[in-house]
Amino acid sequence: MSDTLHTVGLDRAEGSAMPSPQRKMGLPTMMAICIGLVIVQGAMISATQGIGLGGMAFVTAMLVAFMLAQFNAMSFAELSLMFPQEGTLATYTQKAIGHFPAIVSVFAGYVVVAVLALPVEMFLVDAMLGELLPGVFPDKSVPLVILALLCLTNLVGADVFAKVQNVLAFVLVSALILVGVCAISGISEPHPVLTGTPVDWSFGGVLDGSFIGLIALAMWMMVGVEFICPMINDVKSPRQNIPRAMHLSLVMIFAIFLAFAYGASLYLNVDTLVGSPIPYLNYVSAVFGQSGLAIATVMALAATCSTMNTILASVPRMLHGMAMQKQAFPQLKAKNRFDAPWVGIVMMAVCTAIPFLLVGIDSLIVLVIAATTSWLLAYMVAHVDVLVLRKRLPNQPRPYRTPFFPIPQIVGIVAMGYVALNNSPSPEMTHMVYSIAGGILLLISLIGALWVKFYMKRGLFTPDLDG
C-alpha cells in the first residue's frame, strides 16, 4: 500500500497523473529559490566578518560548512522523494519518530525562525534606504510595502512567485558576482595599500585546528536550500531536480561567497571587517567609491525580497501539509483559486510585520540567534529520520539514496550539535541566547505535546506510517 501511495504521490509531483493548470518550475527557478533563501544580508555579514577573523582558517571552515550543507541536502532529498508531500519535515518525522517531534521541529526550526529573521532583514533594508535617500520615505514604510506586494504575488500562485523569484535571484547573484570580480581584479578602484592589520592568509589556523571555531559562523552561509522541498508539487521532474537544485545551488553559493570574501580582504583591514556593523557596506563602497552605497542598497533589497518571497512561498506550504495531517490549525488547509495556501501566506506576513513594528533590531538579533539553534535541531531531526526509516521501511521506494549512508547522517548530527553549541557570537551573549532558545523550545514543546495528546489523540512518539 505504501508503495502505491508513494508512486501516486510522486507521479502527481511529476505532473503525469494530475497536471497542474500552472506551469511547473524548472531547475533554474528551483536554484533561484535555494540561492535566494541562503544569500541574505546576515550571510553577507558573516562572510566579511569571517574572512577578517580567520582568513585562510575561515576558508577552511567554509569548506567544512559546505560539506555539512551537502550532507543536509542529501537527507532532505532522500526524505522528500520518499514522501512527496508539501508537509516536508513534519511528514517525514511523523513517519519516523512521531507527531510530537514533527510539530516541534517545524514550528521551532522554520516558522519561529522565519518570523524573527525576516524583520531583521527588513530593518537593514530600511537603514540602507535611509542612508541612500535620507528623508524621502517614512520610517519602516518601504519594507512593509515590499512585504505586502510579495504577499500578493504569492497569493496569485506559484507561477507568479517563480517569475518574481527568478528576477530577484538574478539581480542578487549578478550583484554579488560583480562585487567579487571587480574587487579581485581591481578594475573599478585600484587595490589600496592597507593600514592596520591585514587578513591572515597563512595556514597556521588550519594546522593548529583553530578553524574549527569558525565553522559555526561559516555554516550560516550554507543553510536553507531545503526550502525547495515544500514546493515539490510545483516543480518539474522532482526525482532529478530536487537533489540537483540543492547540490548545485550549494556549489554556486560557495563559489560566490568565496570570491566575495576574498575580494573584501583586498580592500579592508581586519578592524573594519570585524568591527563594522555592516561590513559589506564598507566593502562595496571601497570597491565602487561613491556609487557603492547605491549598489549595496540594491544588494540588500534583492537579498531581503528574495528571502521574503521564498519564505512566503515555502513555510505556508509546510503549514498546509501539517494541517492536512491535523498537526496545525485546520484553517491552514484553505487554498484559493490559484491553489495557494492563502491563510498561511497571510498569517506569515502578519506575524512578520508585528515584530518589525513593535521590537527594535538589537532585541531581534538576539532572538534570531536563539531561534536559529532550533533550525539546527531540525537538521538533526532530518538526519535521524533517514537513519530510522532505513530500518523501519527498508523496502520503501527511494528515488534518491544518500551516498555513503550512514556516514553523512552521523557526521551531520554530530556537526549540527557542535554548531548549535557554538552559535553565540560572544561569550557574554551565550547565557542569554541559550535561555531564549530553551524558552522557545519549551513553549513549543508544551503546546505540541498538548496538541498531539488531546487534539490528535496520538502517542507523542508513535510513528504514523499511514499519515
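This is a short tour of the structure, stop by stop, with what to select and what you'll find there. Keep in mind that you're looking at a predicted model.

**Stop 1**

Select residues 158–185, which make up helix α8. Its 28 residues reach 39 Å from the first C-alpha to the last, close to the 40 Å expected at 1.5 Å a residue.

**Stop 2: aromatic pairs**

There are 12 aromatic pairs in the whole structure. Start with Phe76 and Tyr379: the ring centres are 6.0 Å apart and the planes sit at 90°, so this pair is edge-to-face. Phe76 belongs to helix α4 (residues 56–82) and Tyr379 to helix α16 (residues 361–392), so the contact ties together parts that are 303 residues apart in sequence. Both residues are buried.

Next, pick Trp201 and Tyr262, another edge-to-face pair, at 5.4 Å centre to centre with 65° between the planes. Trp201 is in the loop between α8 and α9 (204–207), while Tyr262 is in helix α11 (residues 238–265), so here the linked parts are 61 residues apart in sequence. Trp201 is partly exposed, at 29% relative accessibility, and Tyr262 is partly exposed too, with a relative accessible area of 35%.

To see a whole group of rings, select Phe76, Tyr110, Phe227, Trp375 and Tyr379 together: they form one aromatic cluster.

**Stop 3: charges over rings**

Show Lys140 and Phe356. The lysine lies over the face of the phenylalanine ring, 5.4 Å from its centre. Then show Arg390 with Phe405, where the arginine lies over the ring face at 4.0 Å from the centre. Keep Arg390 on screen, as it also takes part in a network of salt bridges with Glu78 and Arg398.

**Stop 4**

A search of the whole structure turns up 5 salt bridges. Select Asp234 and Arg317, whose closest N and O atoms are 3.3 Å apart. Asp234 sits in the loop between α10 (215–219) and α11, and Arg317 in helix α14 (residues 292–324), so to speak a link between distant parts of the chain, 83 residues apart. Are these two buried or exposed? Asp234 is buried, and so is Arg317.

Move on to Lys335 and Asp339, which meet in a salt bridge at 3.5 Å, N to O. Lys335 is partly exposed, at 31% relative accessibility, and Asp339 is partly exposed at 42%.

Then pick Arg458 and Asp464, a salt bridge with its closest N and O atoms 2.8 Å apart. Arg458 is partly exposed, with a relative accessible area of 38%, whereas Asp464 is buried, at 10%.

**Stop 5**

Switch to a surface view and select Trp342, Val346, Val350, Ile354, Leu357 and Leu358. Together they make a nonpolar surface patch of about 560 Å². One of them, Leu357, lies in helix α15 (residues 342–358) and is partly exposed, with a relative accessible area of 47%.

**Stop 6**

Go to Leu268, in the loop between α11 and α12 (270–275). Leu268 is buried, at 8% relative accessibility.

Finish with Ala65 in helix α4, which is buried with a relative accessible area of 0%. From its C-alpha to that of Val433, 368 residues away along the chain, the separation is 22 Å.

Definitions and conventions. Residues are numbered from 1 along each chain as its sequence is written. This is a predicted model: local features need pLDDT of at least 70, side-chain atom pairs count only at pLDDT 80 or more; totals for chains, interfaces and linings use all residues. Side-chain values use heavy atoms; hydrogens and water are left out. Helices (H or I, at least four residues) and strands (E, at least two) are DSSP runs, numbered from the N terminus. The expected span of a helix is 1.5 Å times one less than its number of residues. Rings of Phe, Tyr and Trp (its six-membered ring) pair if their centres lie within 6.5 Å; planes under 30 degrees apart count as stacked, over 60 as edge-to-face and the rest as tilted. Buried means under 20% relative accessible area, exposed over 50%, partly exposed in between (1.4 Å probe, protein chains only). A charge sits over a ring if NZ of Lys or CZ of Arg is within 6 Å of the ring centre and within 35 degrees of the ring normal. Patches are made of residues with over 30% relative accessible area and no salt bridge: like charges are joined within 9 Å, nonpolar side chains (Val, Leu, Ile, Met, Phe, Trp, Tyr) within 5 Å. Accessible areas come from the Shrake-Rupley method with a 1.4 Å probe; for residues, only the protein chains shown count as cover. A salt bridge is a side-chain nitrogen of Lys or Arg within 4 Å of a carboxyl oxygen of Asp or Glu.
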